[in-house]
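User: I would like to go through the salt bridges of this model one by one, with the criteria stated as we go.

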Amino acid sequence: MKLIGSKTEQEIRKLLIKSNQLLFESEEKKRLLEVIKCFYPEMITAYIIYWIPEQGEDIYEILINDSIISEIELERNNSEIMPKVETMTISQYLRGLNKQYQIKLAVALDLAKHDLKYKG
């Protein structure tokens, strides 16, 4: 998907940048970051594409670098329970994805490529 700089894209970009900052800098997301680093030691950058706060767990879909999507299920109240982690390619993730999430993924990929260029 080609980005056009629309207002929607700009709003999504702001939210994704904030998610990236929270992931890497906040105490609240420390455990999630540790799980990502454990399962994806090659991770340089990551963007939370989707987050579902369930009753007892949080489910995240995260773009790792610019090549994979990780679905991580973290138990909220018991850090002793191993997280469930699934990995998929970008093309697998895109299958059946609605337009809104296609745009979100395209913006996240753009941000990740920029990060990799300057951090990697």
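Analyst: Lys7 forms a salt bridge with Glu11 (a side-chain nitrogen of Lys or Arg within 4 Å of a carboxyl oxygen of Asp or Glu), the closest N and O atoms being 3.6 Å apart. This is a predicted model, in which local features need pLDDT of at least 70, side-chain atom pairs count only at pLDDT 80 or more, and totals for chains, interfaces and linings use all residues. Residues are numbered from 1 along each chain as its sequence is written, and side-chain values use heavy atoms, with hydrogens and water left out.

User: How many residues apart are Lys7 and Glu11 in helix H1?
Analyst: Helices (H or I, at least four residues) and strands (E, at least two) are DSSP runs, numbered from the N terminus. Both partners belong to helix H1, residues 7-25, and their separation is about one turn of the helix, namely four residues.

User: Is Lys7 buried or exposed?
Analyst: Buried means under 20% relative accessible area, exposed over 50%, and partly exposed in between (1.4 Å probe, protein chains only). Lys7 has a relative accessible area of 61%, so it counts as exposed.

User: Which residue forms a salt bridge with Arg13?
Analyst: The closest N and O atoms of this pair are 2.9 Å apart, and the partner of Arg13 is Asp110. Arg13 lies in helix H1 and its partner in helix H4 (residues 99-119), so the pair ties together parts 97 residues apart in sequence, the partner being Asp110.

User: How many salt bridges does the count come to?
Analyst: Another of them joins the side chains of Glu73 and Lys84 at 3.7 Å, N to O. By the stated rule, the count of salt bridges comes to five.
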